[in-house]
Amino acid sequence: MPRLKPKRRGISTEPTKVECQRSGSMRPSPLSSRTSAQMLPSGFDKRVVWREHLLRMQARTGRGGHLVRDEYKRYGRQLIMPEVGLHGQLRLKNARVLLVGVGGLGCPAAAYLAGAGVGTIGLMDGDTVEESNLHRQVAHTTSRVGMNKAESAREYLKSLNNTITVNVYKSHLSPEHALDVFRNFDLVLDCTDHPTSRYLISDACVLAGKPLVSASALKTEGQLIVLNNPPAPPGDPAGGPCYRCVFPTPPPPESVLSCGEGGILGPVVGTMGVLQALEAVKVLTSKTSASKDEPVRPTLLIFSAYSHPQFRSVRMRGRRADCACCSSQASITPQSLISGSLDYVAFCGVSAPVDLLEANDRVSATAFSQLPRDGSNTLIDVRDETQYAICALRGSINIPWSGSAAAFLENVRQRGLLTQDGRQLYTVCRFGNDSQSAARTLLNEAVNVKNITGGFEAWRKEVDPTWPDY
Ligand SMILES: [Zn+2]
């Protein structure tokens, strides 16, 4: 739509309010704002209209407040978006958001929430910053290695936006205290990395009546879902499902890998953290509430960095009629949570230490280092090719353990190591677990083999302190 130009001085050709709405390209000018003020019906005081608007806003947000002049400038780029507007910005300013975990998910999520003007941000983490965190946990710095993560992130957030309040909780979430903390907030973000904390956070959100934005990331993949939204008391089908509705049983403990074990790409977990912040902003600034007639069915977003397409979404069911937390038959109550009688570690299971070998089938890293290197010993390194390329002992043979005994045995056979030629075989891996499985497989074939206890972790501690600590 072409811009209108004044034909003659003194005659206003500014677009009317209707024309303004039709044309996205028109820009307001000082003249237009003066004109619109002049167009208020007689008897209307602009200050009265503004005050009434604020009162309506305060009633809707449940809290008072207004934007100060600097905030219009700081938040102007999102303020002019219809999805936010003044209504949404005031809601953000009045909002209190808790992030449990200030790592790869929590750092970017907190940054965008602070940037967006969320008035109070709670940061909870009992861990300290480590050097291996820095490639993805972008709120921490080299100089803050050793500092509590929540404290470190607070420094970052205050330098980003010193108009907001940041509350720090320098401990891990416990069932006994979860409700006390959650009740101080409007919304919770699960930025942790283990099933035990995911179930605990979800249960506490249901019992405290808070919506939950939950995300996870490992290797090159991530997941995101908004739960208990809208929050409703247990048994009310109008409420959104909880984590237990979506994942009623925890994954087998041996299948749960940490980022230290499985690896993680920084931008992958960063993507999921940013998406958490986005969903949080959407929940906080939402202008509509869900229909009471239709059960809420959230979407599980699945991100896979090396797939095409990278994003997929799966529609989930609403609340489960037999959910242990959010149904009318729920066994999880505020009392059971606070009393500490719910054992989340036992519920999720604990993977027992791998112990597959007799004492005679083991050798320490120190003892292995003292063996003669005369060809009578052969070391099989069962780490994957990527880790083997990072560092390896000279003369070792790389035959990765993928979890399949048959595949491993076939690979060993192809390398000619199953022949009984008097050689003593040794197995090694990063921490000494997979190599036990490999040694057990070879022992079952009556092969002379011993496993290096503790793997390369022990090698670095006992024999070679320069061995890469990756
Ligand atoms: Zn549920």
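Author: Helices here are DSSP runs of H or I with at least four residues, and strands are runs of E with at least two, numbered from the N terminus. The model is predicted. In it, Cys-429 sits in the loop between β12 (424-428) and α19 (434-443).

Reader: What makes Cys-259 and Cys-429 worth a look?

Author: An unreviewed UniProt entry gives both Cys-259 and Cys-429 the feature "active site".

Reader: Where does Cys-259 lie?

Author: Cys-259 belongs to helix α12, which covers residues 259-262.

Reader: Why is Cys-429 called buried?

Author: The cut-off for buried is 20 or more other C-beta atoms within 10 Å. Cys-429 has 26, so it is buried.

Reader: Why is Cys-259 called partly exposed?

Author: Partly exposed falls between the limits of 12 or fewer for exposed and 20 or more for buried. Cys-259 has 18 other C-beta atoms within 10 Å, so it is partly exposed.

Reader: Which members of the largest nonpolar core touch the most other members?

Author: That core has 69 residues, and the ones in question are Val-97, Leu-99, Ala-110, Leu-113, Ile-121 and Val-188. Beyond its neighbours within four places in sequence, Val-97 is in contact with Leu-113, Ile-121 and Phe-185, among others.

Reader: What does the second core include?

Author: The second core is separate, has 19 residues, and includes Ile-380, Tyr-426, Cys-429 and Phe-456.

Key: Residues are numbered from 1 along each chain as its sequence is written. This is a predicted model: local features need pLDDT of at least 70, side-chain atom pairs count only at pLDDT 80 or more; totals for chains, interfaces and linings use all residues. UniProt positions are given in the numbering used here, feature names are shortened, and annotations may be inferred rather than shown by experiment. A nonpolar core is a set of buried Ala, Val, Leu, Ile, Met, Phe, Trp, Tyr and Cys residues joined through C-beta atoms within 7 Å. Two residues are in contact if their C-beta atoms, placed from the backbone, lie within 7 Å.
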